[in-house]
Amino acid sequence: MDLRSELLKSIWYGFSALDLEKSGKVSKSQLKVLSHNLCTVLSIPHDPVALEEHFRDDDDGPVSSQGYMPYLNKYILDKVVEGSFQKENVDELCWTLTAKKNYQPKKNSSFVLPDKDAFRLWCLFNFLSEDKYPLVMVPDEVEYLLKKMCTAMSIEFCGVELEDFFSQDSVQQSGITVWTFLEMMNSGKITRGIEMGIISMAIEEVYREIVGDVLKEGYLWKKGQLRRNWKERWFTLRPSNLSYYTGEDRKDCQGNIALDGNCCVEVLPDRDGKRCMFCLKTLSKTYEMSASDTKQRQEWTAAIQTAIRLHVEGKKSLHKDLKQKRREQREQREKRKQAKEEELQRLRALQEERERKLAELELLKEAQKQAQSLLEKDEQRRRQQHEQLQQALEVQLREAEEARVSMQAEMALKEEEAERQRKRIQELEEMQKRLEEALQQEIKARLDEEAFRYAQAGLLAEEEDKMKALMSLQEEQEEYILKTEREKQELKQEMEAKSRSLEEAQRQLEEVRANRHRVDQDVVAAQRKLRQASTNVKHWNVQMNRLMRPIGPGEKRPSLGSSYSSFQIPTQRDPGLRLRRRSDSENQDEERKENVEKRAGNDLEKRNSHCSNGDMNIP
């Protein structure tokens, strides 16, 4: 809560006091006087021209609070400088205006608060009230304030009377107003049996603590900075400074210690005849102080550390921070309470839904029973229909059995005829299979011959590749022999490797020749099989013609020559002739390769003999 919000709360009471008819509007002349007084207590320079211009007499009539706010913000609150005025003077002005109208304690009552205490309670109420208009204070804040007062009076708080007061519907719904609060305090129910002086001192202490931001007050012994002697002073601790006076009336201020984040407080051992000592260190000085006992020293050090912490966190008032935290806690409690209510409502809805479903389930069970009885009736009717249908089927089965016996006799005759035809067909099929097998053998023999020819051509090509590789190895061997003397050892090793390669190539050549010989033999066998297959085909042709054309009475058996002429062998080139030609060409190639190998072997032996005779100098 900033300074503007605090001032608006007090000014709201002053504006409401001028609203005699409770219509929410105040006459311009009264607002002019109120604005003038506010400028005086807030130490703002007067602007008579703006004041007269804004509140000149015209036919607009009185002004509401919404109409007065623009002028209040622009010409008064925007010019307020914090620290240039005493807020207590503003509160006294607004209290004077509102107390005349609203605060009317009973004169004949035995317990009536003095005006000064009522004013301080009014200020405390404004500080702890909610930031909503009209201003009210929630029961939790009322209880907090009364507990603070009881603590200041060193008595135990009894909340029975307070609970009875809070149990009223109007208090629970809208909160408590300041006039209701003052009326409750004047009734004496809360402070029954306590002297008025003690109550006044407690109200003043709580007022200075909450409204005046006084964290702690009391007497302490202080050591001087120049004479280094000890004097008793009255200290007042606020979040921003620590002031000390000659007496409790705080009229003669002897010094002011500014507090910031660089300050710290330390406990000192007893010395110079003083006990319970502690010091407050700043950047420039160190202040030594002594408390009356250990408890006071602990309270003072904790309060000073709290003030330093508030300054570091950028907070100007401890109780403003505490009030905000209490408000957040209340909001959280309200949220939890609302969540619980929503959960209860949801559970009630679930219970109602469950009861509704149970009722539906009972209805479904009843409907199921009815459906079961209907199903039993349908089942009985279906059984009767099934028995009738079964009897009709038995009659039909007997008739069908009689028809089946007559048909079996006819089928037996037809099967005998079919068996004779089947045997004839089987003989013809067997003959056709034998002919097809002979034809397949001939085709396979021809395919084998072609495969062997392709294999022989591949072997010849492989033999030619090996011959080329042999020639290239021979050329490389000659090139390596002509290298320099320093590479002789490497050349010899390479020659040995090439020799081994040459031997391997010769061995492979021998294998190729052996393979070619075996292929030739396979070709001869294939030709022999082909001739045998041709003979078989001719023989089976004769047999087929004999079976397909049975001899009638008076006909002669056809001659064997005519059956041979009916089978024609497709014309083709003689494979034996081609095989002889290919074998001649292969023999010529083998002779040429043997001559080349002989020449290469002779050259290699000559070179080796030269090397062994010492023609080359080995380094």
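Good morning. Because the model is predicted, local features need pLDDT of at least 70 and side-chain atom pairs count only at pLDDT 80 or more, while totals for chains, interfaces and linings use all residues. Residues are numbered from 1 along each chain as its sequence is written, and side-chain values use heavy atoms, with hydrogens and water left out.

I begin with the whole protein. Its secondary structure comes to 16 helices and 9 strands; helices (H or I, at least four residues) and strands (E, at least two) are DSSP runs, numbered from the N terminus. Of the 619 residues, 32% count as buried, where buried means under 20% relative accessible area, exposed means over 50%, and partly exposed lies in between, with a 1.4 Å probe and protein chains only. A contact means heavy atoms within 4.5 Å. Among contacts between residues at least 6 apart in sequence, 66% join residues at least 24 apart.

Helix α1 has 16 residues and reaches 23 Å from its first C-alpha to its last, close to the 22 Å expected at 1.5 Å a residue. The expected span is 1.5 Å times one less than the number of residues. Several residues of α1 are buried, including Leu7, Leu8, Ile11, Phe15 and Leu18. An α-helix has 3.6 residues a turn, so residues three or four places apart point the same way.

How far does helix α13 span between its end C-alpha atoms? The answer is only 108 Å for residues 318-481, whereas a straight helix of 164 residues would span 244 Å.

Next come the pockets. Rolling a probe the size of a water molecule over the atoms shows where empty space is left. On a 1 Å grid over the protein atoms alone, a pocket is an open set of points where a 1.4 Å probe fits, with protein on both sides within 12 Å along at least five of seven lines; lining residues have an atom within 4 Å of a point. Grid points are joined across faces, edges and corners, and a volume is the space filled by probe spheres set on the points.

The largest pocket holds about 1300 Å³ of space. Its lining has 35 residues, and Lys87, Val211, Gly212, Asp213 and Arg238 lie nearest its centre. Helix α6 supplies the largest share of that lining, 5 residues. By class, the lining has 9 nonpolar, 8 polar and 18 charged residues. Here Ala, Val, Leu, Ile, Met, Phe, Trp, Tyr, Cys and Pro count as nonpolar, Asp, Glu, Lys and Arg as charged, and the others, Gly among them, as polar.

The second largest pocket has a volume of about 700 Å³. It is lined by 20 residues, and Ala152, Met201, Glu205, Glu217 and Trp234 are the closest to its centre. Two or more lining residues come from each of α7, α11 and β3. Helix α11 gives the most, with 8 residues. This lining divides into 9 nonpolar, 2 polar and 9 charged residues.

I close with single residues. Asp213, already named at the largest pocket, sits in the loop between α11 and β3. Its phi is positive, about 55°, although it is not a glycine. Is Asp213 buried or exposed? It counts as buried, because its relative accessibility is 18%.

Ser43, in the loop between α2 and α3, also has a positive phi, near 60°. Ser43 counts as partly exposed because its relative accessibility is 46%. In the loop between α6 and α7 we find Pro134, which a cis peptide bond joins to Tyr133, with omega about 0°.

Ile257 lies in strand β6 and is buried, with a relative accessible area of 3%. Beyond residues up to four places away in sequence, Ile257 touches several others, among them Leu242, Leu280 and Tyr287. Ile257 and Tyr287 are 30 residues apart in sequence and 9.1 Å apart in space, C-alpha to C-alpha.

Finally, Thr301 belongs to helix α12 and counts as buried at 11% relative accessibility. Its side chain reaches the backbone oxygen of Gln298 at 2.9 Å. Not counting residues up to four places away in sequence, Thr301 touches Val265 and Phe278. Thank you.

Definitions and conventions:
Polar contact = N/O pair within 3.5 Å; in protein donor to acceptor, adjacent residues only side chain to side chain.
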